[in-house]
Amino acid sequence: MSLLRVRDLQVSFASDRGLVRAVQGISFDLEQGEILGVVGESGSGKSVASLAIMRMLPQPPARIVASELSLAGEDLLGMSEARARELRGAQMAMVFQDPMRSLNPVLTIGRQLVEVLQRHLGLNRRQALSRAVELLEMVGIPQASRRLSAYPHQFSGGMRQRVMIAIALSCRPKLLIADEATTALDVTIQAQIVELVKRLAHELDIAVIWISHDLGVVAGMCDRVNVIYAGRIVETAKVDDLFHRPSHGYTLGLLGSTPRVDETEQDRLTPIEGLPPDLIDPPTLCPFLPRCKVAVAECRQSMPPTRAFGPLHQASCFAELA
Amino acid sequence: MSTLRLAAGQFLRNRAAAAGLICLLLLCIVVTLAPVIAPYNPIQINLGAKLQPPSATHWFGTDYFGRDVFSRTLYGGQLSLSVGLAVVLFAFTLGVPIGLVSGFVGGRLDNLVMRLTDAFLTFPPLLLAVAIVGLLGPDMRNVVLALGLVQAPVLARMVRGSTLSAREEVYVRAARALGASPLRIMFSEILRNIMSPIVVQLTIVFSAAVVAEASLSFLGLGAPPPQPSWGRDLSDARNYLSDAPWMFLSPSAAIMLCVLSINFVGDGLRDALDPRSWRVRAKPVPPAAPVAVLSEDLA
């Protein structure tokens, strides 16, 4: 039994021009302790899908449909808002992109940690405070007990993101969603945060959905990767398979536009030309077709089916790339 | 709470705010102790001593009825200050929750509430107060009610605007992702963060209330005639401006002092409530422990 089961998740938003189909039927499983990377460009539906899983999209305007969406066997779509609130923070937690703005500026770090601990674990103030110190130490914040009374603006971006991770993991959730959690940080801090999340996920046996458009980061930390394009998973594979045998034209394009340290001959990066399709009137053929460099004749006739390219390796593409 | 202590320390370190607070406290004490301090009965008419300039017997002179201006100002403060305070409380308890809920919930409720406040705001404020007092009868409680009803929509609108922008902050989303309830988000996340503009607005409300009470008294809708009030005495003094300018001096100085110190206190509160503006002498946070893998990568 997988920890998180997503089957045919669809999210759409009502707009003046019509229904925006942000997520068009994605399905995946996530096992306990597994780190799943989700890559794709802006507007591909990565964040919307994760907010839908967290039950954080207000309905309306959002419309969420799925044949299954469950965490540890519990149906996420049908549950009451009160139950969803209980799960958020306790069973599933989320870390956002902008650490400079993710903490309440007028409350101390300690207060923000203690509040969550008291809310979900029912600890008293003393217990919560000592747990808060442990959590700050766990994410590598020195002099943790003194830092409890500090305010967010006294911390740097990297330190704040560590605090956010401490808060997110404070109640030992089963699932952590990190939405571009290192995008706003510089490279060295980014590497530290990546290592921290990787270590904690293994130590605490937490499943992580790591949303990013940085393939390098994904390669370094994830077990498996979903490549999302225009609201669909176009390819899913173990990290090694994805990087060594990309099987979708879009994945190929992504890899070609990413600089690599291990490549000796320095080719120029090849950008993916064009723009992603309109999500109000999605194309009936492969959504990547207009930008694809490896399209074959079948691509212009019908939507490519999802094909298996190996164990846990699937892609929706007609082209034979491997 | 240590946060409260820190904020208080920050407030007192601001000299203007501290001076304003001391001045305000002194005003309150003096006004409360009026029966002890005042040398004369404020409504005792003494036609033999009318329109006397300031002297040793009458420090700030006497008015047309021979009443001691200083004593009247002391007693008048009781009325003016309590009206100001009551209006601030009334506007706060009515305007802040309405604005907060309206901005947070949004949609139709927000539309409805905002059209209602718009309706209130279309009337000139004083005219609206006059109408309300005229309708309910000239009574101090009705004056407070009227001025509060005039100020509450202004406050509600401001709070709603601030709520709309605070609602979209990442930390509000982060709080939701951690399972905070809507009530908790409204009060702990949003209200705490928009307290600064609210406090500033409340000091303005206080000043406006003191002045508006004066205007209502001038129109005969505030304190009934013999009762002293800063505003009423000020408007009486206008008739004798050239003959007895001293009548003007003491109530206007009292109003000015009061409004000025309230504004200073408001500014100080605004800064003290926002930790980001604190001039903290905290030591910088030492960098986090380096991660081993980094050095492996470099090797």
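**Exercise 1: a covered helix**

Say what covers the buried residues of α8 in chain B.

*Solution.* Start with the cover: it includes β7 (92–95) of chain A, together with α7 (140–167) and α9 of chain B. Those labels are DSSP runs numbered from the N terminus: helices are H or I runs of at least four residues, strands are E runs of at least two. To cover here is to be in contact, with C-beta atoms, placed from the backbone, within 7 Å.

Before going on, know your model: it is predicted, so local features need pLDDT of at least 70 and side-chain atom pairs count only at pLDDT 80 or more, while totals for chains, interfaces and linings use all residues. Residues are numbered from 1 along each chain as its sequence is written, with chains lettered from A and ligands numbered from 1 in the order in which they are written.

Next, count: seven of the eight residues of α8(B) are buried. Buried takes 20 or more other C-beta atoms within 10 Å of a residue's own; 12 or fewer is exposed, and in between is partly exposed, again with C-beta atoms placed from the backbone. Now find them: they are B:Y171, B:V172, B:R173, B:A174, B:A175, B:R176 and B:A177. Finally, look past the helix, where you'll meet B:G179 with a positive phi, near 85 degrees.

**Exercise 2: where the chains touch**

Work out which helix of chain B gives the most residues to the side that touches chain A.

*Solution.* First the totals: chain B puts in 27 residues and chain A puts in 39. On chain B's side, α1 (2–13), α8 (170–177), α9 (182–193) and α13 (292–298) each supply at least two residues. The top giver is α8(B), with six. Then sort chain B's side by class, and you get 15 nonpolar, five polar and seven charged residues. Here Ala, Val, Leu, Ile, Met, Phe, Trp, Tyr, Cys and Pro are nonpolar, Asp, Glu, Lys and Arg are charged, and the others, Gly among them, are polar.

**Exercise 3: a helix pair**

Find which residues of α2(B) and α4(B) meet.

*Solution.* Place the helices first: α2 (15–32) and α4 (69–105) of chain B pack at about 115 degrees, with axes 8 Å apart. Axes are lines fitted to C-alpha atoms over the stretch in contact, and angles run from 0 to 180 degrees between N-to-C directions. From α2(B) come B:L27, B:C28, B:V30 and B:V31; facing them in α4(B) are B:L74, B:G77, B:Q78 and B:L81. By class, that contact has six nonpolar, two polar and no charged residues.

**Exercise 4: one glutamine**

Is A:Q161 buried or exposed?

*Solution.* Locate A:Q161 in helix α6 (157–168) of chain A. A:Q161 is buried because 31 other C-beta atoms lie within 10 Å. Leaving out residues up to four places away in sequence, A:Q161 touches A:P99, A:A181, A:L185 and A:I193.

**Exercise 5: the whole of chain B**

Why is chain B called more spread out than a compact globule?

*Solution.* List the parts: 13 helices and zero strands. Now compare: the radius of gyration is 25 Å, well over the 19 Å from the globule rule for 299 residues, so chain B is more spread out than a compact globule. That radius is taken over C-alpha atoms, and the rule is 2.2 Å times the number of residues to the power 0.38. Check the spans too: the C-alpha trace of chain B runs about 100 × 50 × 30 Å along its principal axes. Last, 41% of the 299 residues of chain B count as buried.

Conventions: Contact = placed C-beta atoms within 7 Å.
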